[in-house]
Amino acid sequence: MSTNELKGWKEIPIGGVIVEAGNSARYETGGWRTFRPLMDGQLCKNCLFCWIYCPDSAIEVEDGKVKGINLRYCKGCGICARECPAKAIQMIEEAKVSAGE
Amino acid sequence: MGKPVAMTGNIAVANAMRQINPDVCAAYPITPSTEVMQQFASFVADGKVDTELVTAESEHSAMSACIGAAAAGGRVMTATSANGLALMWEMLYIASGNRLPIVMTVVNRALSAPINIHGDHSDGMGARDSGWIQIYSENAQEAYDNLIQAVVIGQHRDVRLPVMVGMDGFIISHSIENLELLSDQEVKDFIGEYLPLYPLLNIKQPVTYGPLDLQDYYSEHKRQQAEAMKLAKPVILKVAQDFAALSGRKYGFFETYRLDDAEMAILTLGSSAGTARFVIDRAREQGVKVGLIKLRVFRPFPMKELQAALGHLKALAVMDRCDSFGAAGGPVFSEVRSALYDLSPHPAVVNYIYGLGGRDLGIAHIEQVIRDLQEIRQTGCIRELLTYLTVRE
Ligand code: SF4
Ligand code: SF4
(Lines give C-alpha, C1' and ligand atoms only; values in the text may rest on other atoms or scores of the structure.)
(Ligands and ions follow the chains in the order given, each with its own letter.)
Protein backbone atom coordinates (compact mmCIF):
# COMPACT_ATOMS: atom_id res chain seq x y z
CA MET A 1 0.00 0.00 0.00
CA SER A 2 1.48 3.35 -0.92
CA THR A 3 1.62 6.12 1.70
CA ASN A 4 -0.74 8.46 -0.13
CA GLU A 5 -3.57 5.97 0.45
CA LEU A 6 -3.08 5.94 4.24
CA LYS A 7 -6.02 7.29 6.21
CA GLY A 8 -6.20 9.32 9.43
CA TRP A 9 -7.45 7.95 12.73
CA LYS A 10 -10.89 9.48 12.33
CA GLU A 11 -11.51 7.70 9.03
CA ILE A 12 -10.84 4.08 9.95
CA PRO A 13 -12.95 1.53 11.87
CA ILE A 14 -12.06 1.23 15.57
CA GLY A 15 -10.24 -1.70 17.10
CA GLY A 16 -8.20 -2.54 14.02
CA VAL A 17 -11.21 -4.46 12.75
CA ILE A 18 -11.32 -5.15 9.02
CA VAL A 19 -14.92 -4.62 8.02
CA GLU A 20 -14.54 -5.27 4.34
CA ALA A 21 -14.39 -8.91 3.35
CA GLY A 22 -11.73 -9.92 0.81
CA ASN A 23 -9.67 -6.76 0.99
CA SER A 24 -6.49 -8.83 1.35
CA ALA A 25 -6.41 -8.64 -2.48
CA ARG A 26 -5.10 -5.11 -1.90
CA TYR A 27 -2.27 -6.37 0.25
CA GLU A 28 0.53 -7.63 -1.98
CA THR A 29 2.65 -10.24 -0.25
CA GLY A 30 4.83 -10.93 -3.29
CA GLY A 31 7.53 -8.62 -1.99
CA TRP A 32 8.33 -11.05 0.83
CA ARG A 33 9.61 -13.72 -1.57
CA THR A 34 13.16 -15.09 -1.47
CA PHE A 35 12.27 -18.28 -3.40
CA ARG A 36 10.10 -18.35 -6.48
CA PRO A 37 8.02 -21.37 -7.49
CA LEU A 38 8.58 -22.48 -11.07
CA MET A 39 5.93 -24.77 -12.46
CA ASP A 40 6.59 -27.34 -15.17
CA GLY A 41 3.39 -27.49 -17.23
CA GLN A 42 4.51 -30.82 -18.74
CA LEU A 43 4.53 -32.54 -15.34
CA CYS A 44 1.41 -30.90 -13.91
CA LYS A 45 -1.64 -33.20 -13.68
CA ASN A 46 -4.02 -30.41 -12.62
CA CYS A 47 -4.85 -32.11 -9.34
CA LEU A 48 -5.18 -28.58 -7.83
CA PHE A 49 -3.45 -29.54 -4.58
CA CYS A 50 -1.29 -26.42 -4.92
CA TRP A 51 -4.40 -24.28 -5.37
CA ILE A 52 -5.92 -25.69 -2.18
CA TYR A 53 -2.74 -25.39 -0.13
CA CYS A 54 -1.46 -21.98 -1.21
CA PRO A 55 -1.99 -19.69 1.82
CA ASP A 56 -2.11 -16.59 -0.36
CA SER A 57 -4.40 -17.84 -3.13
CA ALA A 58 -1.61 -17.16 -5.60
CA ILE A 59 -2.29 -20.17 -7.81
CA GLU A 60 -4.58 -19.08 -10.58
CA VAL A 61 -7.01 -21.57 -12.00
CA GLU A 62 -9.25 -21.36 -15.05
CA ASP A 63 -11.71 -24.03 -16.17
CA GLY A 64 -10.32 -26.50 -13.63
CA LYS A 65 -6.77 -26.09 -14.89
CA VAL A 66 -3.78 -24.36 -13.35
CA LYS A 67 -3.08 -21.22 -15.34
CA GLY A 68 -0.08 -19.96 -13.45
CA ILE A 69 1.19 -18.37 -10.26
CA ASN A 70 0.42 -14.75 -9.48
CA LEU A 71 3.74 -13.38 -8.28
CA ARG A 72 2.13 -10.25 -6.81
CA TYR A 73 0.81 -12.47 -4.03
CA CYS A 74 3.14 -15.51 -4.01
CA LYS A 75 5.32 -15.08 -0.90
CA GLY A 76 7.57 -17.98 -1.78
CA CYS A 77 6.69 -20.23 1.15
CA GLY A 78 7.21 -23.38 -0.91
CA ILE A 79 4.13 -25.19 0.32
CA CYS A 80 2.92 -25.79 -3.24
CA ALA A 81 6.24 -27.35 -4.21
CA ARG A 82 6.19 -29.61 -1.19
CA GLU A 83 2.59 -30.75 -1.67
CA CYS A 84 2.66 -31.24 -5.45
CA PRO A 85 2.40 -35.03 -5.98
CA ALA A 86 3.87 -34.73 -9.47
CA LYS A 87 6.90 -32.72 -8.32
CA ALA A 88 5.93 -30.20 -10.98
CA ILE A 89 6.99 -27.18 -8.88
CA GLN A 90 10.54 -26.20 -8.03
CA MET A 91 11.64 -23.39 -5.75
CA ILE A 92 14.35 -21.20 -7.28
CA GLU A 93 16.20 -18.48 -5.39
CA GLU A 94 14.93 -15.06 -6.43
CA ALA A 95 18.49 -13.72 -6.65
CA LYS A 96 19.28 -16.36 -9.24
CA VAL A 97 16.10 -15.60 -11.18
CA SER A 98 16.95 -11.93 -11.36
CA ALA A 99 20.55 -12.74 -12.30
CA GLY A 100 19.04 -14.63 -15.22
CA GLU A 101 20.47 -18.02 -14.27
CA MET B 1 -36.83 3.15 45.73
CA GLY B 2 -35.89 -0.45 46.44
CA LYS B 3 -36.17 -2.04 49.84
CA PRO B 4 -32.99 -2.42 51.86
CA VAL B 5 -31.27 -5.80 51.82
CA ALA B 6 -28.20 -7.05 53.69
CA MET B 7 -25.49 -8.47 51.45
CA THR B 8 -21.74 -8.76 51.08
CA GLY B 9 -20.14 -6.79 48.29
CA ASN B 10 -19.60 -9.98 46.33
CA ILE B 11 -23.22 -11.07 46.57
CA ALA B 12 -24.41 -7.57 45.69
CA VAL B 13 -22.26 -7.67 42.55
CA ALA B 14 -23.48 -11.17 41.65
CA ASN B 15 -27.03 -9.83 41.89
CA ALA B 16 -26.16 -6.93 39.63
CA MET B 17 -24.86 -9.50 37.14
CA ARG B 18 -28.08 -11.52 37.48
CA GLN B 19 -30.10 -8.41 36.67
CA ILE B 20 -27.78 -7.45 33.79
CA ASN B 21 -28.14 -11.01 32.44
CA PRO B 22 -25.04 -11.02 30.21
CA ASP B 23 -24.83 -13.33 27.20
CA VAL B 24 -21.52 -14.84 28.28
CA CYS B 25 -19.44 -14.98 31.47
CA ALA B 26 -16.08 -16.72 31.41
CA ALA B 27 -14.26 -16.89 34.71
CA TYR B 28 -11.73 -18.62 36.88
CA PRO B 29 -11.97 -18.45 40.68
CA ILE B 30 -9.58 -16.44 42.84
CA THR B 31 -9.94 -15.10 46.37
CA PRO B 32 -11.57 -12.74 47.23
CA SER B 33 -13.63 -12.51 44.02
CA THR B 34 -14.53 -16.23 43.88
CA GLU B 35 -17.87 -15.70 45.60
CA VAL B 36 -19.06 -13.40 42.80
CA MET B 37 -18.87 -16.13 40.18
CA GLN B 38 -19.89 -18.86 42.64
CA GLN B 39 -23.14 -17.04 43.40
CA PHE B 40 -23.60 -16.19 39.74
CA ALA B 41 -23.08 -19.85 38.79
CA SER B 42 -26.02 -20.66 41.10
CA PHE B 43 -28.14 -18.16 39.22
CA VAL B 44 -27.13 -19.88 35.97
CA ALA B 45 -27.89 -23.33 37.40
CA ASP B 46 -31.26 -22.14 38.72
CA GLY B 47 -32.23 -20.71 35.36
CA LYS B 48 -32.39 -17.16 36.69
CA VAL B 49 -30.25 -15.89 33.78
CA ASP B 50 -29.73 -16.86 30.15
CA THR B 51 -25.97 -16.57 30.42
CA GLU B 52 -23.55 -19.05 28.89
CA LEU B 53 -21.11 -19.66 31.76
CA VAL B 54 -17.64 -20.74 30.64
CA THR B 55 -15.49 -22.18 33.41
CA ALA B 56 -12.05 -21.60 31.97
CA GLU B 57 -8.77 -23.22 33.06
CA SER B 58 -7.05 -19.95 34.00
CA GLU B 59 -7.71 -16.24 34.12
CA HIS B 60 -5.77 -15.81 30.88
CA SER B 61 -8.21 -18.21 29.25
CA ALA B 62 -11.17 -16.60 31.00
CA MET B 63 -10.35 -13.19 29.54
CA SER B 64 -9.56 -14.78 26.17
CA ALA B 65 -13.00 -16.41 26.14
CA CYS B 66 -14.57 -13.09 27.14
CA ILE B 67 -12.81 -11.42 24.21
CA GLY B 68 -14.00 -14.09 21.77
CA ALA B 69 -17.56 -13.85 23.05
CA ALA B 70 -17.54 -10.06 22.94
CA ALA B 71 -16.14 -10.07 19.39
CA ALA B 72 -18.88 -12.52 18.46
CA GLY B 73 -21.35 -9.85 19.57
CA GLY B 74 -22.27 -10.76 23.14
CA ARG B 75 -22.63 -8.70 26.28
CA VAL B 76 -19.85 -10.15 28.40
CA MET B 77 -18.86 -9.96 32.07
CA THR B 78 -16.39 -11.56 34.46
CA ALA B 79 -14.73 -11.04 37.84
CA THR B 80 -11.24 -11.52 39.22
CA SER B 81 -8.65 -10.37 41.77
CA ALA B 82 -4.93 -9.81 42.21
CA ASN B 83 -2.86 -12.56 40.58
CA GLY B 84 -5.86 -13.47 38.46
CA LEU B 85 -5.86 -9.99 36.99
CA ALA B 86 -2.10 -10.24 36.56
CA LEU B 87 -2.50 -13.47 34.60
CA MET B 88 -5.03 -11.74 32.34
CA TRP B 89 -2.47 -9.04 31.62
CA GLU B 90 -1.83 -9.58 27.95
CA MET B 91 -5.53 -10.11 27.26
CA LEU B 92 -6.54 -6.87 29.01
CA TYR B 93 -4.78 -4.94 26.27
CA ILE B 94 -6.36 -7.09 23.59
CA ALA B 95 -9.86 -6.46 25.01
CA SER B 96 -9.32 -2.69 25.01
CA GLY B 97 -7.36 -2.65 21.74
CA ASN B 98 -10.16 -4.57 20.02
CA ARG B 99 -12.61 -2.10 21.60
CA LEU B 100 -14.75 -4.74 23.28
CA PRO B 101 -16.90 -3.38 26.13
CA ILE B 102 -16.37 -6.27 28.55
CA VAL B 103 -17.32 -5.39 32.14
CA MET B 104 -15.28 -6.90 34.96
CA THR B 105 -15.47 -6.69 38.73
CA VAL B 106 -12.01 -6.51 40.24
CA VAL B 107 -12.11 -7.35 43.92
CA ASN B 108 -8.91 -5.48 44.71
CA ARG B 109 -6.24 -7.52 46.45
CA ALA B 110 -2.51 -7.45 47.10
CA LEU B 111 -0.22 -9.15 44.60
CA SER B 112 2.18 -11.88 45.69
CA ALA B 113 4.97 -12.27 46.79
CA PRO B 114 4.91 -12.60 49.75
CA ILE B 115 1.55 -14.25 49.34
CA ASN B 116 -1.34 -12.24 50.72
CA ILE B 117 -5.03 -12.50 49.89
CA HIS B 118 -6.23 -9.24 51.43
CA GLY B 119 -7.31 -5.92 50.02
CA ASP B 120 -5.13 -3.30 48.44
CA HIS B 121 -5.04 -1.61 45.06
CA SER B 122 -1.84 -3.10 43.62
CA ASP B 123 -3.78 -5.19 41.10
CA GLY B 124 -6.02 -2.48 39.65
CA MET B 125 -3.35 0.21 39.72
CA GLY B 126 -0.97 -2.06 37.84
CA ALA B 127 -3.56 -2.28 35.07
CA ARG B 128 -4.07 1.48 34.87
CA ASP B 129 -2.43 1.76 31.45
CA SER B 130 -4.25 -1.22 29.93
CA GLY B 131 -6.89 0.92 28.23
CA TRP B 132 -9.73 -0.09 30.55
CA ILE B 133 -11.98 2.43 32.23
CA GLN B 134 -11.45 2.12 36.00
CA ILE B 135 -14.08 2.86 38.62
CA TYR B 136 -13.45 2.32 42.34
CA SER B 137 -16.20 1.68 44.92
CA GLU B 138 -16.35 2.60 48.58
CA ASN B 139 -18.94 0.03 49.70
CA ALA B 140 -21.26 -2.73 48.51
CA GLN B 141 -23.90 -0.25 47.34
CA GLU B 142 -21.37 1.54 45.16
CA ALA B 143 -19.97 -1.72 43.80
CA TYR B 144 -23.51 -2.69 42.76
CA ASP B 145 -24.37 0.73 41.34
CA ASN B 146 -21.03 1.13 39.57
CA LEU B 147 -21.29 -2.25 37.87
CA ILE B 148 -24.68 -1.43 36.39
CA GLN B 149 -23.43 1.97 35.20
CA ALA B 150 -20.26 0.35 33.81
CA VAL B 151 -22.33 -1.66 31.33
CA VAL B 152 -23.93 1.48 29.92
CA ILE B 153 -20.66 3.44 29.86
CA GLY B 154 -18.64 0.74 28.10
CA GLN B 155 -21.22 -0.02 25.41
CA HIS B 156 -21.82 3.65 24.51
CA ARG B 157 -21.00 4.22 20.85
CA ASP B 158 -18.57 7.04 21.66
CA VAL B 159 -16.73 4.81 24.13
CA ARG B 160 -16.65 1.09 23.28
CA LEU B 161 -14.09 0.32 25.94
CA PRO B 162 -13.92 -2.38 28.61
CA VAL B 163 -14.60 -1.28 32.17
CA MET B 164 -13.27 -2.60 35.46
CA VAL B 165 -15.12 -1.85 38.67
CA GLY B 166 -13.05 -2.21 41.82
CA MET B 167 -14.00 -2.87 45.41
CA ASP B 168 -11.65 -3.55 48.31
CA GLY B 169 -11.04 -7.24 48.93
CA PHE B 170 -12.65 -8.60 52.12
CA ILE B 171 -13.28 -5.12 53.57
CA ILE B 172 -16.12 -4.71 51.05
CA SER B 173 -16.31 -8.04 49.26
CA HIS B 174 -16.94 -10.07 52.41
CA SER B 175 -18.58 -7.57 54.79
CA ILE B 176 -22.35 -7.58 55.00
CA GLU B 177 -23.86 -4.15 54.57
CA ASN B 178 -27.30 -2.72 53.94
CA LEU B 179 -27.93 -1.67 50.39
CA GLU B 180 -30.77 -1.14 47.99
CA LEU B 181 -31.19 -3.17 44.83
CA LEU B 182 -33.06 -1.83 41.85
CA SER B 183 -35.83 -4.02 40.49
CA ASP B 184 -34.89 -6.48 37.74
CA GLN B 185 -37.00 -4.54 35.26
CA GLU B 186 -35.37 -1.23 36.19
CA VAL B 187 -31.91 -2.65 35.53
CA LYS B 188 -33.05 -4.21 32.27
CA ASP B 189 -34.47 -0.91 31.06
CA PHE B 190 -31.46 1.06 32.28
CA ILE B 191 -28.87 -1.02 30.44
CA GLY B 192 -31.04 -1.40 27.32
CA GLU B 193 -30.49 -3.85 24.53
CA TYR B 194 -26.88 -4.50 23.60
CA LEU B 195 -26.04 -3.56 20.03
CA PRO B 196 -22.63 -4.95 19.10
CA LEU B 197 -20.60 -2.94 16.63
CA TYR B 198 -18.96 -5.55 14.39
CA PRO B 199 -20.29 -8.92 15.56
CA LEU B 200 -18.43 -11.90 14.15
CA LEU B 201 -21.69 -13.82 14.18
CA ASN B 202 -23.19 -11.50 11.60
CA ILE B 203 -22.37 -13.68 8.62
CA LYS B 204 -23.93 -11.14 6.27
CA GLN B 205 -21.08 -8.76 7.04
CA PRO B 206 -17.91 -10.80 7.60
CA VAL B 207 -15.23 -8.97 9.60
CA THR B 208 -11.72 -9.75 10.80
CA TYR B 209 -10.67 -9.16 14.41
CA GLY B 210 -7.01 -8.94 15.33
CA PRO B 211 -5.22 -8.57 11.99
CA LEU B 212 -1.60 -7.45 11.93
CA ASP B 213 -1.40 -3.70 12.47
CA LEU B 214 2.11 -2.44 11.84
CA GLN B 215 3.83 0.92 11.43
CA ASP B 216 1.19 2.06 8.96
CA TYR B 217 -1.89 1.98 11.25
CA TYR B 218 -1.12 0.97 14.86
CA SER B 219 -0.61 4.59 15.95
CA GLU B 220 -3.98 5.58 14.50
CA HIS B 221 -5.73 2.82 16.43
CA LYS B 222 -4.02 3.88 19.68
CA ARG B 223 -5.04 7.47 18.98
CA GLN B 224 -8.64 6.27 18.68
CA GLN B 225 -8.36 4.62 22.10
CA ALA B 226 -7.10 7.86 23.61
CA GLU B 227 -10.06 9.66 22.07
CA ALA B 228 -12.51 7.07 23.42
CA MET B 229 -11.16 7.68 26.95
CA LYS B 230 -11.68 11.40 26.45
CA LEU B 231 -15.21 10.89 25.16
CA ALA B 232 -15.93 8.52 28.08
CA LYS B 233 -15.89 11.47 30.47
CA PRO B 234 -19.17 13.11 29.41
CA VAL B 235 -20.69 9.65 29.02
CA ILE B 236 -19.75 8.71 32.61
CA LEU B 237 -21.44 11.89 33.87
CA LYS B 238 -24.55 11.40 31.73
CA VAL B 239 -24.92 7.79 32.86
CA ALA B 240 -24.49 8.91 36.48
CA GLN B 241 -27.21 11.52 35.97
CA ASP B 242 -29.62 8.96 34.53
CA PHE B 243 -28.74 6.58 37.33
CA ALA B 244 -29.47 9.23 39.94
CA ALA B 245 -32.88 9.84 38.37
CA LEU B 246 -33.57 6.12 38.71
CA SER B 247 -32.05 5.38 42.11
CA GLY B 248 -31.68 8.69 43.90
CA ARG B 249 -27.97 7.94 44.35
CA LYS B 250 -25.58 10.50 42.89
CA TYR B 251 -22.20 9.76 41.31
CA GLY B 252 -19.50 11.72 39.53
CA PHE B 253 -15.77 11.41 38.86
CA PHE B 254 -15.31 11.90 42.58
CA GLU B 255 -17.26 12.74 45.69
CA THR B 256 -16.37 15.58 48.01
CA TYR B 257 -17.11 15.89 51.70
CA ARG B 258 -16.79 19.17 53.65
CA LEU B 259 -14.39 20.32 50.96
CA ASP B 260 -15.84 23.68 49.89
CA ASP B 261 -14.54 25.70 52.85
CA ALA B 262 -11.62 23.36 53.61
CA GLU B 263 -8.01 24.52 53.72
CA MET B 264 -6.70 20.97 53.81
CA ALA B 265 -8.00 17.72 52.40
CA ILE B 266 -7.43 14.01 52.18
CA LEU B 267 -7.82 12.29 48.81
CA THR B 268 -8.52 8.59 48.87
CA LEU B 269 -10.32 5.92 46.90
CA GLY B 270 -12.20 2.84 48.00
CA SER B 271 -13.29 1.79 51.45
CA SER B 272 -10.96 4.01 53.49
CA ALA B 273 -13.18 7.02 52.66
CA GLY B 274 -15.59 5.95 55.41
CA THR B 275 -12.94 6.08 58.11
CA ALA B 276 -11.64 9.37 56.71
CA ARG B 277 -15.11 10.95 56.87
CA PHE B 278 -15.45 9.94 60.53
CA VAL B 279 -12.08 11.44 61.47
CA ILE B 280 -12.77 14.58 59.44
CA ASP B 281 -16.04 15.12 61.34
CA ARG B 282 -14.16 14.93 64.64
CA ALA B 283 -11.46 17.30 63.42
CA ARG B 284 -14.12 19.73 62.22
CA GLU B 285 -15.56 19.78 65.75
CA GLN B 286 -12.15 21.05 66.84
CA GLY B 287 -12.32 23.75 64.19
CA VAL B 288 -9.81 22.11 61.84
CA LYS B 289 -10.77 23.01 58.29
CA VAL B 290 -10.22 19.66 56.62
CA GLY B 291 -12.27 17.92 53.95
CA LEU B 292 -12.32 14.76 51.88
CA ILE B 293 -12.26 13.93 48.21
CA LYS B 294 -12.98 10.36 47.23
CA LEU B 295 -11.87 9.52 43.72
CA ARG B 296 -14.30 7.21 41.94
CA VAL B 297 -13.06 7.28 38.35
CA PHE B 298 -9.32 6.80 37.92
CA ARG B 299 -9.46 6.13 34.15
CA PRO B 300 -10.24 8.37 32.42
CA PHE B 301 -8.39 10.55 34.94
CA PRO B 302 -10.48 13.67 35.72
CA MET B 303 -7.57 16.12 35.62
CA LYS B 304 -9.44 19.36 34.90
CA GLU B 305 -12.19 18.55 37.38
CA LEU B 306 -9.66 17.82 40.13
CA GLN B 307 -7.96 21.13 39.43
CA ALA B 308 -11.28 22.90 39.94
CA ALA B 309 -12.13 20.95 43.09
CA LEU B 310 -8.75 21.15 44.81
CA GLY B 311 -7.27 24.46 43.68
CA HIS B 312 -8.42 26.39 46.77
CA LEU B 313 -6.60 24.09 49.22
CA LYS B 314 -3.40 24.90 51.04
CA ALA B 315 -2.41 21.28 51.65
CA LEU B 316 -3.54 17.93 50.30
CA ALA B 317 -2.72 14.38 51.40
CA VAL B 318 -3.08 11.76 48.68
CA MET B 319 -3.59 8.26 50.03
CA ASP B 320 -2.34 5.35 47.93
CA ARG B 321 -3.23 1.77 48.83
CA CYS B 322 -0.48 0.63 46.49
CA ASP B 323 3.16 1.47 45.97
CA SER B 324 4.88 2.20 42.70
CA PHE B 325 8.37 1.19 43.70
CA GLY B 326 10.99 3.70 42.72
CA ALA B 327 8.46 6.18 41.34
CA ALA B 328 7.79 9.73 42.53
CA GLY B 329 5.17 8.25 44.85
CA GLY B 330 2.04 6.12 44.68
CA PRO B 331 0.15 6.09 41.36
CA VAL B 332 -2.73 8.28 42.54
CA PHE B 333 -0.31 10.79 44.09
CA SER B 334 1.78 11.10 40.94
CA GLU B 335 -1.23 11.93 38.79
CA VAL B 336 -3.03 14.18 41.26
CA ARG B 337 0.10 16.19 41.94
CA SER B 338 0.73 16.45 38.22
CA ALA B 339 -2.85 17.69 37.72
CA LEU B 340 -2.29 20.48 40.25
CA TYR B 341 1.06 21.61 38.81
CA ASP B 342 -0.60 24.03 36.40
CA LEU B 343 -2.34 25.94 39.18
CA SER B 344 -0.67 28.95 40.66
CA PRO B 345 -0.53 28.90 43.60
CA HIS B 346 -1.15 25.20 44.02
CA PRO B 347 -1.67 23.24 47.21
CA ALA B 348 1.25 21.48 48.85
CA VAL B 349 0.72 17.79 48.08
CA VAL B 350 2.03 14.90 50.15
CA ASN B 351 1.64 11.17 49.74
CA TYR B 352 0.79 8.37 52.17
CA ILE B 353 1.12 4.75 51.22
CA TYR B 354 -1.10 2.70 53.49
CA GLY B 355 -3.06 -0.46 54.00
CA LEU B 356 -0.93 -2.82 51.89
CA GLY B 357 -1.99 -6.45 52.06
CA GLY B 358 -5.17 -5.53 53.91
CA ARG B 359 -3.47 -3.74 56.82
CA ASP B 360 -6.12 -1.72 58.65
CA LEU B 361 -6.16 2.02 58.28
CA GLY B 362 -7.26 3.24 61.71
CA ILE B 363 -8.60 6.47 63.09
CA ALA B 364 -5.22 7.31 64.64
CA HIS B 365 -3.52 7.02 61.23
CA ILE B 366 -5.83 9.55 59.64
CA GLU B 367 -5.45 11.80 62.68
CA GLN B 368 -1.71 11.70 62.05
CA VAL B 369 -2.27 12.69 58.42
CA ILE B 370 -4.39 15.65 59.51
CA ARG B 371 -1.72 16.72 62.02
CA ASP B 372 0.89 16.61 59.25
CA LEU B 373 -1.37 18.68 56.99
CA GLN B 374 -1.82 21.26 59.74
CA GLU B 375 1.93 21.53 60.12
CA ILE B 376 2.37 22.05 56.38
CA ARG B 377 -0.44 24.62 56.47
CA GLN B 378 1.28 26.52 59.30
CA THR B 379 4.93 26.29 58.27
CA GLY B 380 4.55 26.13 54.52
CA CYS B 381 7.16 23.36 54.42
CA ILE B 382 6.84 19.71 53.60
CA ARG B 383 8.92 17.52 55.90
CA GLU B 384 8.13 14.20 54.26
CA LEU B 385 6.85 14.02 50.71
CA LEU B 386 6.12 10.32 51.02
CA THR B 387 5.19 8.62 54.28
CA TYR B 388 4.61 4.92 54.75
CA LEU B 389 1.60 4.91 57.02
CA THR B 390 0.51 1.75 58.85
CA VAL B 391 4.03 0.30 58.76
CA ARG B 392 6.09 -0.57 61.84
CA GLU B 393 9.49 1.12 61.95
S1 SF4 C 1 5.22 -20.64 -2.91
FE2 SF4 C 1 3.64 -20.48 -1.31
S3 SF4 C 1 2.66 -18.54 -1.79
FE4 SF4 C 1 3.82 -19.06 -3.61
S5 SF4 C 1 2.36 -20.14 -4.87
FE6 SF4 C 1 3.46 -21.69 -3.69
S7 SF4 C 1 2.15 -22.00 -1.92
FE8 SF4 C 1 1.49 -20.08 -2.83
S1 SF4 D 1 -0.12 -29.70 -7.20
FE2 SF4 D 1 1.33 -30.05 -8.85
S3 SF4 D 1 0.25 -31.42 -10.20
FE4 SF4 D 1 -1.29 -30.63 -8.83
S5 SF4 D 1 -2.11 -28.84 -9.92
FE6 SF4 D 1 -0.47 -28.09 -8.66
S7 SF4 D 1 1.36 -28.10 -9.95
FE8 SF4 D 1 -0.18 -29.37 -10.94
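How many salt bridges does the structure hold over all chains? The structure, a predicted model, holds 27 salt bridges over all chains, a salt bridge being a side-chain nitrogen of Lys or Arg within 4 Å of a carboxyl oxygen of Asp or Glu. Local features require pLDDT of at least 70 and side-chain atom pairs count only at pLDDT 80 or more, whereas totals for chains, interfaces and linings use all residues. Residues are numbered from 1 along each chain as its sequence is written, chains are lettered from A and ligands numbered from 1 in the order in which they are written, and side-chain values use heavy atoms, with hydrogens and water left out.

In chain A, a salt bridge joins Glu94(A) to Arg36(A), with the closest N and O atoms 2.8 Å apart. This pair links distant parts of the chain, since Glu94(A) belongs to helix α3 (residues 94–98) and Arg36(A) to strand β1 (residues 35–39), 58 residues apart. Helices (H or I, at least four residues) and strands (E, at least two) are DSSP runs, numbered from the N terminus.

Both ligands described here have residues of chain A near them, where near denotes a heavy atom within 4 Å. Around ligand 1 are Pro37(A), Cys54(A), Pro55(A), Ile59(A), Ile69(A), Cys74(A), Lys75(A), Gly76(A), Cys77(A), Gly78(A), Cys80(A) and Met91(A). This shell comprises nine nonpolar, two polar and one charged residues. In this classification Ala, Val, Leu, Ile, Met, Phe, Trp, Tyr, Cys and Pro are nonpolar, Asp, Glu, Lys and Arg are charged, and the others, Gly among them, are polar. Ligand 2 has 13 residues around it, of which Cys44(A), Cys47(A), Leu48(A), Cys50(A) and Cys84(A) come nearest. The shell of ligand 2 divides into 11 nonpolar, one polar and one charged residues.

The contact between the chains (heavy atoms within 4.5 Å) involves 19 residues of chain B and 14 residues of chain A. About 1,600 Å² is buried between chain B and chain A, with 66% from carbon and sulfur atoms; buried area is the accessible area (1.4 Å probe) that two parts lose on being put together, summed over both. On the chain B side, Tyr198(B), Tyr217(B) and Gln224(B) lose the most area to chain A, together 33% of what that side buries. Zero salt bridges are found across this interface, but six residue pairs are in polar contact, both at pLDDT 80 or more. A polar contact is a pair of N or O atoms within 3.5 Å; within protein, one must be able to donate a hydrogen and the other to accept it, and residues adjacent in sequence count only if both atoms are side-chain atoms. Helix α9 (residues 218–247) of chain B gives the most to the side touching chain A, with five residues. That side of chain B has seven nonpolar, six polar and six charged residues.

Chain B is assigned domain 1 (3–247) and domain 2 (254–388), with bounds from an automatic or database domain assignment. Their C-alpha centres lie 28 Å apart. Contact is made by 27 residues of domain 1 and 29 residues of domain 2, and the two domains bury about 2,100 Å² between them, 55% of it on carbon and sulfur atoms. Six salt bridges are found across this domain interface, together with 17 residue pairs in polar contact, both at pLDDT 80 or more. On the domain 1 side, α6 (122–126), β6 (133–137), α7 (140–155) and α9 of chain B each supply at least two residues. Strand β6(B) gives the most to that side, with five residues.
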